[in-house]
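Thanks for asking me to look this over. My comments follow as numbered points, starting with backbone details and moving out to the whole chain.

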Amino acid sequence: MECYSISKWVLPFIFFAVTLAVQLIHCTVTYDRKAIVINGQRRILISGSIHYPRSTPDMWEDLIMKAKQGGLDVIDTYVFWNVHEPSPGNYNFEGRYDLVRFLKIVQSAGLYAHLRIGPYVCAEWNFGGFPVWLKYVPGISFRTDNEPFKNAMQGFTEKIVNLMKSENMFESQGGPIILSQIENEYGAQSKLYGAAGHGYMTWAANMAVNLGTGVPWVMCKEEDAPDPVINTCNGFYCDYFSPNRPYKPTMWTEAWTGWFTQFGGPIHKRPVQDLAFAVAKFIQKGGSFINYYMYHGGTNFGRTAGGPFVATSYDYDAPLDEYGLTRQPKYGHLNELHKSIKLCERALVSADPIVTSLGDLQQSHVYSSESGDCAAFLSNYNTHSPVRVMFNNMHYNLPPWSISILPDCRNVVFNTAKVGVQTSEMEMQPSGSELYSWETFNEDLSSLDQSSSFSSFGLLEQINVTKDTSDYLWYKTSVDIGSSESFLRGEGKLPTLIVQSTGHALHVFINGQLSGSAFGTRENRRFAFTGKVNLRAGTNTIGLLSIAVGLPNVGGHFESWNTGVLGPVVLHGLSQGKLDLSWAKWNYEVGLKGEAKNLISTDSISPVEWVQGSLIAQRQQPLTWHKQAYFEAPEGEEPLALDMESMGKGQVWINGQSIGRYWTAYANGNCNGCNYAGPYRPTKCHSGCNQPTQRWYHVPRAWLNARSNLLVVFEELGGDPTKISLVKRSVRSVCADVAEYHPMIKNWHIESYGHSEEIRKPKVHLKCSPGQTISSISFASYGTPFGTCGSFQQGTCHAPNSHSILEKKCVGEQRCAVSISNTNFGEDPCPNMLKRLTVEATCSPA
Ligand code: GAL
């Protein structure tokens with residue numbers, strides 16, 4: 001950015017100007033052992049992942065501005081090869097895939113970008129970001145020393161780098177990109193593949209560096225990353241990490257803010273106190289770049305979810321929720337953390353820490369620079385007990401598992417475990433938009449054995465047949481049953497069908513009737529269907545509908561993993577004993593009839609006869625398309641979702657756009673409370689146990705017309721579409737709990753930063769969604785209240801007018817701020833005690 005103007009300015013000074021200019025152009029972004037250096041300045045950079053295809057372009061600016069207001073300097077995104085190159089040489093950079101537009105918004109917000117090109121990205125994204133056609137390039141083997149793979153990878157990487165260069169997107173050209181990533185977490189893989197792994201990794205690094213982007217490259221989780229590539233850390237904690245050379249900075253490219261959801265699993269919540277602790281611990285150790293994965297997770301629209309079984313919501317418990325709303329207190333508390341880290345920036349980048357023990361599990365990290373800056377971090381790693389430590393002859397109280405930040409080495413401005421910002425409880429409310437007059441179309445099962453597209457003796461691998469153009473593949477065969485079978489006369493048991501599948505889900509139809517279903521899991525994709533089957537004398541059709549629920553995105557050579565019914569398929573209990581159907585003649589049909597007929601299309605002329613909902617028997621039919629035409633968009637600006645609780649499993653589209661897969665699989669998990677203290681793992685802090693893993697499906701506002709919207713649902717199992725509803729997401733209640741400043745901090749703030757008198761009075765801020773106001777105050781206490789949002793209680797000290805003061809200032813307003821000062825509450829309810837103001841308020845439509 002500045003580089004250009006400086007280089008132009010020096011050009012006339014011909015002698016060393018040329019060298020200097022070249023240096024300046026090439027060196028706008030460099031690094032040293034302390035930090036990434038931008039235009040000559042070492043920076044502590046706070047970054048957050050926002051993946052552009054996981055939201056709609058109309059949401060991008062708001063997400064990026066919220067990220068900026070949340071204290072971020074950098075937006076990080078992967079590049080998703082499979083959406084950009086759907087078939088070899090055909091590129092798509094439109095709509096949700098308009099990477100340049102996304103980066104230009106980042107730039108105009110004044111933020112930097114980290115472009116993680118991969119092109120392997122993992123990311124819980126279908127096939128880890130690889131286009132499925134890549135699997136069919138002759139002789140290919142993914143992510144190893146293999147010429148066809150390396151050629152394809154280089155081709156796509158060059159395509160992206162050239163696109164970025166042509167749009168002046170690199171910082172060396174005045175653009176926002178300060179870093180790029182090649183590959184993704186290859187270290188463990190590389191070790192397994194031995195020399196081929198190491199050779200490929202070295203090739204990838206050199207290939208990338210030779211593209212001459214003018215900004216550094218990183219490789220995450222790759223401890224052998226060759227110079228000048230920086231190896232970086234990913235994880236829940238990274239304070240143990242050091243780069244592989246002393247002259248590289250300590251960078252954390254994925255600080256996991258929560259975890260992804262899988263159908264059948266719980267919702268993962270990572271407490272913000274622990275996340276803030278992990279970040280502070282990384283910074284106190286000397287880390288200078290941290291990227292939240294995810295800052296906004298968003299939605300796996302369409303069939304982009306990886307797998308198998310990654311849910312459509314990719315909310316991730318991120319600071320910005322799936323819908324783009326701030327998740328409080330996570331967003332606000334991290335923002336406070338970022339501000340306090342920034343107050344320490346000068347000291348952090350110019351010194352190494354002096355680490356001193358303050359107790360068994362307590363330390364101080366002090367950074368003092370020659371120019372007089374001093375910043376300190378006081379840490380307590382004890383997971384149970386708060387402690388009082390002595391530091392520089394003063395006492396400090398440290399809650400369990402927490403770090404206090406002292407940007408002047410004296411006054412605490414932030415403690416990771418003390419959450420002072422508003423907590424918001426979100427809620428799905430009726431949107432006011434009525435869905436009525438459902439119409440129905442049944443997949444025609446009677447023609448099971450006639451309309452198949454081809455046949456073969458034996459069972460075929462699913463992706464080889466579908467090329468992933470649909471989740472669905474029919475395997476159909478027939479069996480002749482002699483009339484002498486004893487089960488036909490009511491003697492003996494019904495025959496049992498056993499179907500071995502390599503993934504991911506299966507519905508079994510006998511003579512057009514659903515006989516049962518079976519599913520694998522993400523950990524164990526293989527499973528067996530075992531069920532009694534109702535056969536009749538004569539010819540019976542066996543239809544196996546095999547379903548891919550997202551292609552694998554991680555694991556050694558996942559491109560070679562099988563999906564579908566590979567057998568054996570055996571009928572047990574016939575008079576001849578067992579009948580192995582595995583090598584029978586099987587008919588194959590890719591996809592559903594409704595997909596072939598494009599039932600999701602908004603064309604007014606329908607290719608099929610839809611049946612009015614009221615004419616349909618109440619019985620819930622499997623394999624049914626449901627259509628809702630033409631409802632109106634709800635008023636207002638709140639984000640919208642479909643409540644699919646009454647349905648089973650399938651996919652849903654609005655105006656021809658795929659909202660994604662839905663599945664009301666019930667969540668298994670451990671929902672017995674959550675203590676922030678102690679190492680976070682995805683096995684703790686679950687929510688939503690014994691409820692559908694995902695009930696609500698994001699409907700982007702941008703996909704709706706004011707009038708006349710078409711909703712199409714394909715249901716595999718059977719459900720009640722009349723109970724589907726459109727809901728809007730807004731704040732139900734807000735809580736705030738803020739302490740008055742310690743007298744020392746008041747004075748220090750004013751002395752060091754010249755703030756006005758206002759700083760003396762911290763404020764409680766309450767904010768409902770746009771279109772809402774605060775309708776009542778359910779709790780308010782100025783004094784020494786305690787408890788948490790939803791269960792606050794008065795303490796021994798309480799100003800009796802707390803409630804009426806808050807009511808007067810806040811009720812009827814969308815937002816309000818109340819200063820924590822005695823004058824506001826008439827008099828000091830308990831002199832010489834440190835007081836707090838704690839409030840819980842309800843939000844309602846204005
Ligand atoms: C990381 C990977 C990311 C994502 C994450 C889990 O290991 O680099 O792409 O998959 O795990 O959400």
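1. R143 is buried, with a relative accessible area of 6%; buried means under 20% relative accessible area, exposed over 50%, and partly exposed in between, with a 1.4 Å probe and protein chains only. R143 sits in the loop between β6 and α6. Its phi is near 55°, a positive value in a residue other than glycine. Most residues other than glycine have a negative phi, and most peptide bonds are trans.

2. Before going on, a word on the model. This is a predicted model, in which local features need pLDDT of at least 70 and side-chain atom pairs count only at pLDDT 80 or more, while totals for chains, interfaces and linings use all residues. Residues are numbered from 1 along each chain as its sequence is written, and side-chain values use heavy atoms, with hydrogens and water left out.

3. A123 lies in the loop between β6 (112-118) and α6 (147-166), and has a positive phi of about 60° although it is not a glycine. Is A123 buried or exposed? At 2% relative accessibility, A123 counts as buried.

4. Please also check two peptide bonds. The bond from G307 to P308 is cis, with omega near 0°, and P308 is placed in the loop between β12 (289-296) and α9 (330-343). The bond from A629 to Y630 is cis too, with omega near 0°; Y630 lies in strand β33 (residues 624-631).

5. Which residues does G656 touch, leaving aside its neighbours within four places in sequence? They are I600 and T602, where contact means heavy atoms within 4.5 Å. G656 is found in the loop between β35 (649-654) and β36 (657-663) and is partly exposed, with a relative accessible area of 34%. The C-alpha atoms of G656 and L711 are separated by 8.2 Å, with the two residues 55 apart along the chain.

6. Now to a sheet. Five strands form an open sheet in the order β13-β14-β15-β18-β19, with antiparallel pairing; two strands pair if DSSP finds at least two bridges between them. β13 (354-359) and β19 (414-415) stand at the edges with a single partner strand each, so one side of each is left without a neighbour in the sheet. Further in, 7 bridges join β14 (residues 362-368) to β15 (residues 374-380), and these strands run antiparallel. V366 has A376 as its bridge partner in β15. Strands of a sheet pair through backbone hydrogen bonds, either parallel or antiparallel.

7. For the chain as a whole, the secondary structure comes to 14 helices and 44 strands; these are DSSP runs numbered from the N terminus, with helices (H or I) of at least four residues and strands (E) of at least two. The radius of gyration is 30 Å, close to the 28 Å that the globule rule gives for 846 residues, so the chain is as compact as a globular protein of that length. That radius is taken over C-alpha atoms, and the rule is 2.2 Å times the number of residues to the power 0.38. Along the principal axes, the C-alpha atoms fill a box of roughly 95 × 75 × 55 Å.

8. Last, burial and contacts. Buried residues make up 59% of the 846 residues. Among contacts between residues at least 6 apart in sequence, 74% join residues at least 24 apart.
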